[in-house]
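Me: Can you walk me through this one? Start with the overall build, then the details.

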Amino acid sequence: MQLRPGLKLNSAVSDAQVVVVKAPAGEVELACGGWPMLAEGEAADAAATIDGSLGEGPLLGKRYADEDLGLEVLCSRAGDGALTVDGRVLPVKGAKPLPSSD
Amino acid sequence: MNLLLLLDMAAAGGGDEVALQVGDDQLSAAELLSAVWRAGELVDGASAVAYVGTNGLGFPVGLFAAAAVGAPFVPLNYRLSDDQLDELLGPLGDVVIIAEGGRVDALAARGHRVLEGDRLVAQARQGSGAGEVPADAEHPAVLLHTSGTTSAPKAAVLRHRHLTSYVIGTVEFGAADREEAALVSVPPYHVAGLANLLSNLYLGRRIVYLRQFEAEEWVSTVRREGVTHAMVVPTMLARIADVLDADDAGLPSLRAISYGGSRTPSTVLQRIMDRLPEVAFTNAYGLTETSSTIAVLGPDDHRAARSGDPVAVGRLASVGRVLPTVEVQVREGDVAVAIGQPGEIWVRGEQVSGEYRGLDPSLDPEGWFPTRDRGWVDDEGYLFIEGRSDDTIIRGGENIAPSEIEEVLLDHPDVAQCAVVGVPDEEWGQRIAAAIVLEDGADADADGIRDFVRQRLRGSKTPDEVTFVDELPYTETGKLLRRVVLSSLLTPS
């Protein structure tokens with residue numbers, strides 16, 4: 001699928017939801033629990049079930065990124081099913097603590 | 001990304017924890033979100049939602065309700081007259097104004113749709129509201145008027161994507177521990193007021209509002225509420241230090257102070273750092289047009305300066321390094337200058353808007369924004385700000401930053417406040433004029449002041465004229481209104 005910043009995607013297998021922060025130029029397959037994530041209005045495959053072997057689902061407020069691809073998403077709803085991009089697990093982006101300016 | 005998504009996430013992650021409080025009035029993030037959906041019904045159809053008041057729950061409710069209906073939120077200085085407000089609101093079309101009690105009737109009599117802030121909040125808290133977070137990130141989220149210290153104020157356009165980029169790029173969701181509380185006393189029409197609300201909500205840090213800054217109330221609120229974090233402007237720092245001098249109670253709960261909004265005199269900073277040795281200090285530099293902070297001088301830098309390291313002491317006069325999400329370039333004309341050389345500061349990043357309502361965008365084709373501040377960057381990336389380009393005095397072809405002369409003047413024991421401006425001069429192009437407020441009982445004369453500067457700077461940076469005044473004009477957030485100083489010096493009294 002072609003991603004763009006701001007695009008909201010829902011898991012086909014859980015409550016998980018992400019928002020695209022940075023999008024790669026080309027098409028990628030972003031999946032949750034082994035099933036492609038869905039844009040608004042797209043229906044889930046009735047046969048979809050979580051592939052638990054991929055790991056834990058995304059946590060609220062965490063960012064997940066593949067720096068090489070130029071992909072970053074923000075988890076706006078927690079849910080089961082690990083995030084993957086083109087079949088590889090999308091790792092959580094390490095927080096770089098900044099001095100509190102607010 | 002839409003601003004409302006930040007609140008939606010805070011509501012999902014915040015449980016019953018208090019997110020915001022004004023006096024005894026409290027809201028959790030989930031209660032705020034519910035109130036926002038209800039308030040959205042009350043402002044629906046408006047082309048913009050204005051806010052005219054001090055800090056109150058009507059501010060966050062109005063901000064997010066505007067986002068819910070896709071209208072820009074326009075916080076305005078509550079000290080403006082009704083005529084001045086009309087002038088700013090006129091071009092915005094069918095505006096709904098959220099106002100404090102005292103202003104409601106007068107504004108309504110002028111034909112505006114006005115909602116009283118506290119009543120709006122009370123109404124919105126009845127029952128529960130729900131809705132769908134808009135996907136839109138491109139629409140203007142906030143129109144914020146710049147301080148207008150050198151020219152008439154302009155309305156900066158901050159789109160949803162600018163503000164959400166700032167928040168997501170600088171703070172980690174839910175990272176605050178349960179004890180953390182932020183005291184917010186900067187006014188709601190200032191970009192720091194907006195940034196404080198968004199960042200702390202996203203961090204999960206309880207926000208304690210002061211309706212307006214007052215030093216004794218600030219100190220007593222920190223003590224009573226166990227406040228851990230606070231953002232202040234430099235004029236507040238000096239007044240807080242005065243109050244702290246009155247007893248030995250200190251501020252034991254306070255972990256961090258960030259300060260910014262205008263240049264901080266080194267004497268003021270030193271005094272508050274001495275008074276609060278355990279507090280982590282951060283200097284934040286940013287502009288309205290950049291969605292607030294773009295550079296920070298952090299606690300480590302302040303600690304190094306405390307230990308006396310001369311390089312670190314020198315860097316206390318800087319605003320630190322730009323955020324990892326922001327780039328900086330110093331240019332003279334169109335050309336980038338070498339490290340250490342002064343010039344105009346340009347910045348680029350996703351939080352940088354550089355757009356004004358009704359004017360052409362100020363970004364260059366590569367997305368760089370001219371801050372109109374002058375300064376330089378040292379070999380380790382520390383950014384030093386000299387002042388506004390428009391304030392630079394060009395005397396006989398030499399560029400002179402007023403701030404350099406002002407720092408020297410403030411070291412004079414008789415000088416309480418000062419302003420240095422360039423006045424038109426047939427021979428030099430501009431000559432240097434200093435307006436000075438003396439300390440009580442001081443009797444320095446103009447020649448003595450000029451000698452004091454000449455001994456520390458060279459002759460060309462010595463004020464050609466020294467005028468003593470009773471007071472200087474400042475904005476509410478402590479910024480010197482140089483254009484007012486200049487025009488009063490040009491008008492013989």
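Me: What radius of gyration does chain A have, and why does that agree with a compact globule?
Reply: Chain A has 13 Å, and a compact globule with 102 residues would have a radius of gyration near 13 Å, so the two agree. The radius is taken over C-alpha atoms, and the globule rule is 2.2 Å times the number of residues to the power 0.38. This is a predicted model: local features need pLDDT of at least 70, side-chain atom pairs count only at pLDDT 80 or more, and totals for chains, interfaces and linings use all residues. Residues are numbered from 1 along each chain as its sequence is written, while chains are lettered from A and ligands numbered from 1 in the order in which they are written.

Me: What box do the C-alpha atoms of chain A fill?
Reply: Roughly 50 × 25 × 25 Å, taken along the principal axes.

Me: How many helices and strands in chain A?
Reply: Chain A has 0 helices and 8 strands. Its pattern along the sequence is β-β-β-β-β-β-β-β. Helices (H or I, at least four residues) and strands (E, at least two) are DSSP runs, numbered from the N terminus.

Me: What share of chain A is buried?
Reply: Buried residues are 42% of its 102 residues. A residue is buried if 20 or more other C-beta atoms lie within 10 Å of its own, exposed if 12 or fewer, and partly exposed in between; C-beta atoms are placed from the backbone.

Me: Now chain B. What about its radius of gyration?
Reply: Chain B has 23 Å, and a compact globule with 493 residues would be near 23 Å, so that agrees. Its C-alpha atoms fill a box of roughly 70 × 50 × 45 Å along the principal axes. Chain B has 16 helices and 25 strands. Buried residues make up 48% of its 493 residues.

Me: Which contacts in chain B join residues at least 24 apart, as a percentage?
Reply: 66%, among contacts between residues at least 6 apart in sequence. For chain A, 58% of such contacts join residues at least 24 apart. Contact means C-beta atoms, placed from the backbone, within 7 Å.

Me: Cores next. Which residues have the most contacts inside the largest nonpolar core?
Reply: Val49(B) and Val61(B), in a core of 130 residues. Helix H8 (191–203) of chain B gives the most to this core, with 9 residues. Apart from it lies another core of 21 residues, among them Ile393(B) and Val453(B). A nonpolar core is a set of buried Ala, Val, Leu, Ile, Met, Phe, Trp, Tyr and Cys residues joined through C-beta atoms within 7 Å.

Me: What is Val49(B) in contact with?
Reply: Leaving aside neighbours within four places in sequence, its contacts include Val43(B), Ala65(B), Phe73(B) and Ile98(B).

Me: And helix H10 of chain B, which residues are buried there?
Reply: Pro234(B), Thr235(B), Met236(B), Leu237(B) and Ile240(B). The buried residues of H10(B) pack against helix H9 (215–225), strand S11 (229–232), strand S12 (256–260) and helix H11 (266–275) of chain B.

Me: What is the strand order in the open sheet of 5 strands?
Reply: S17-S16-S18-S19-S20 in chain B, with antiparallel pairing. S17 (335–336) and S20 (383–388) are the edge strands, each pairing on one side only. Strands pair if DSSP finds at least two bridges between them.

Me: Which partners does Arg331(B) have?
Reply: Glu344(B) in S18(B), and Ala336(B) in S17(B). S16(B) pairs with S18(B) over 6 bridges and with S17(B) over 2 bridges.

Me: Last one. Is Val311(B) buried or exposed?
Reply: Exposed, because 11 other C-beta atoms lie within 10 Å. Val311(B) sits in helix H13 (310–315) of chain B.

Note on methods:
Contact = placed C-beta atoms within 7 Å.
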